[in-house]
Amino acid sequence: MAGNDPFVIDGVALESRLIMGTGGAPSLDGLGAALLASGTELTTVAMRRYSPEVGGSLFQLLLDSGIRVLPNTAGCFTAREAVMTAELAREALETDWVKLEVIADEHTLLPDAVELVDATERLVNKGFKVFAYTNDDPVLARRLEQLGAVAVMPLGAPIGTGLGILNPHNIELIVSRAEVPVVLDAGIGTASDAALAMELGCDAVLLATAVTRAQDPVMMAEAFKHAVAAGRLASKAGRIPRREHALASSSMEGRPDL
Amino acid sequence: MAPQTDAAACDVAVIGGGIVGLGIAWELLRSGRSVTLIDPAPAEGATFAAAGMLAPVSELHYQEEDLLELTLESAGLWPGFAAALGPDAGYLPTPTLALGADAADRRALADLREVQLAHGLGVEPLTVREARAQEPLVGPGISGAFAIAEDHQVDPRRAARAILAVLGASDEASVVRRSAAGLVHSDAGDLDSAVTGVLLDDGTVLAAGEVVVANGLAAAALEGLPSRARLPLRPVYGDILRLRVPAHLDPLLTATVRGLVRGLPVYLVPRADGTVVIGATQREDGSSAVSAGGVYQLLRDAQVLVPAVAELELLECTARARPGTPDNAPLLGRVATAGGEADVPGVVIATGFFRHGVLLTPAAALICRQLIDGIADTRWTRFRPDRFSPATAKEA
């Protein structure tokens, strides 16, 4: 296994390359069991939906499980809201890390590129470590990296759709040009989508709905754990080229000449 | 260290006058016991907000089959419970129509139906035209409909008022409008000794043969809970709306309409008085105020299912906290002592009903009565409140 292949982000080494979201879980116990089964060491929480002040809540669960929290700005439509939400998170959770999410509208939940760039600059200037959730646009991803994002997180498909990776070529292009970690974020439907993301060269995969709204979240979480590990190994193992014509796996040489 | 001022002793003291506490108090009164209900503001918590859907079928969730046995039991008890309470109970055998807004919503409902059918529950697919023949104000753009005949409703405010009236009219019942501060034990130094009464917030002790803890989220903060009654409750806030249907649209609906709109649940419950209840959000943002975004989401999604919602008069926006537990199941039953060798005498816990307080009230009342009668129904031991607090070796 990839035992000696940590995912390093902002100087922190993580064994697991699966980052989990928490939205949509039917129960706290169920969420806890799914997070455990996923093997995740980093989990993102919507600061607008969960209050760190409330006892016995999600934050307690993460603390008890020893899982690092990546606060996110889900639900923000403007750079201003996102910056304020990030500041709230930094104060409450004592972390500079923030998953920056600035969405354009409630129907597509697609990132608003202009506000995203603006918020990234403001947050970097304030000392945040910005994990930028972005469109699968290689130009925008590159720009976010130049502005100081510690990770770029292109979507595979719109949030919650489970449509998989709609533009694998763009993801590959983003990966090939990035000097910071690339995390495939959003749109994952099932395990093979996550394996593909890793095969395309992504450093990690972030997903929530595919697990939390699955009929058996624990089993699905375990499936993703294996898929991410498998995809990582495959990406490093050097796949064979695609060929038009068959090539027998055993050589033809040495056959009896009848 | 129990203070000396004693109020009149009773057979059972029930802490908490939400629908669950009221139901328990009334059940125990009917069993021939004298009862004191303790609550500074009865029926003004989650009961005040609740829509009162009695919906074990449409509320079924994957992997919550354990809860289904209890919700079905309680739904079966509701008609008799309401009948004993009289016509003011607000019970209606309104059927339920589950609707999907888009194709993915229809598939989600159809997938859930497989589980519902596996449990022998009645969920009948309808065509959109059939559904709209029954409910002509349902919008034509929906993607699918399922009829659920056995999911009914009660108006929790009316039911609570009716029970309070019964308690008020009985010589054997009293309502103390104060907060409980804690439980009083036979041995003040031993949390696992018998509970003998309730300490009120003014320092008064109310002696009782049995104490039922049914004050929702506040239960966890009571002093003197048994050592293994650490109650893992958290507030899950909900926004809910009440609207009046104008005469020209009456009736807006004859069935309770609930559905998924782009993956988000929403329901519309028509009341006998010409109002409609639209709910409910689930928020863990720590805010007890009504959320503007929550109200917007409810109205937006309700209008997808029933466009004429836009014509209604918005009477009331309410937010309350539901007492959530880690496994979404109630904390119901007696509590074992630290070593697990016996139950702590004199106390029964009944809280953590989360989304199902109204539905589970008759079952909770019956189970409490049985426990106090000394009858333990083993079907319900999985809801014991001590399941989250492991037994510890007794100290030497």
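## Contacts and fold of chain B

In this predicted model, 76% of the contacts in chain B with a separation of 6 or more join residues 24 or more positions apart; two residues are in contact if their C-beta atoms, placed from the backbone, lie within 7 Å. Buried residues make up 54% of the 396 residues in chain B (buried: 20 or more other C-beta atoms within 10 Å of the residue's own; exposed: 12 or fewer; partly exposed: in between).

Chain B has eight helices and 19 strands, where helices (H or I, at least four residues) and strands (E, at least two) are DSSP runs numbered from the N terminus. Its radius of gyration is 22 Å, close to the 21 Å of the globule rule for 396 residues, so chain B is as compact as a globular protein of that length. The radius is taken over C-alpha atoms, and the rule is 2.2 Å times the number of residues to the power 0.38. Along the principal axes, the C-alpha atoms of chain B fill a box of roughly 70 × 40 × 40 Å.

## Confidence and conventions

The mean pLDDT of chain B is 94, and 97% of the residues score at least 70; pLDDT is the predictor's confidence in each residue, from 0 to 100. Over residues 1-5 of chain B pLDDT stays under 50, and the model has nine contacts beyond four places in sequence for them. Where pLDDT is low, the predicted coordinates should not be read in detail. The model scores ipTM 0.75 and pTM 0.86.

Residues are numbered from 1 along each chain as its sequence is written, with chains lettered from A and ligands numbered from 1 in the order in which they are written. Local features need pLDDT of at least 70 and side-chain atom pairs count only at pLDDT 80 or more, while totals for chains, interfaces and linings use all residues.

## Helices 3 and 8 of chain B

Helix 3 (residues 65-85) and helix 8 (residues 357-373) of chain B pack at an angle of about 90°, with their axes 7 Å apart. Helix 3 of chain B and helix 8 of chain B are therefore roughly perpendicular. Residues meeting across this contact include Trp78(B) and Phe81(B) in helix 3 and Leu359(B) and Leu366(B) in helix 8.

## Chain A

In chain B, 15 residues are in contact with 18 residues of chain A. Leu35(A) lies in helix 1 (residues 28-38) of chain A and is buried, with 25 other C-beta atoms within 10 Å.

Terms used: Axes fitted to C-alpha atoms, helices over the stretch in contact; angles between N-to-C directions. Parallel < 35°, antiparallel > 145°, perpendicular 65-115°, else oblique.
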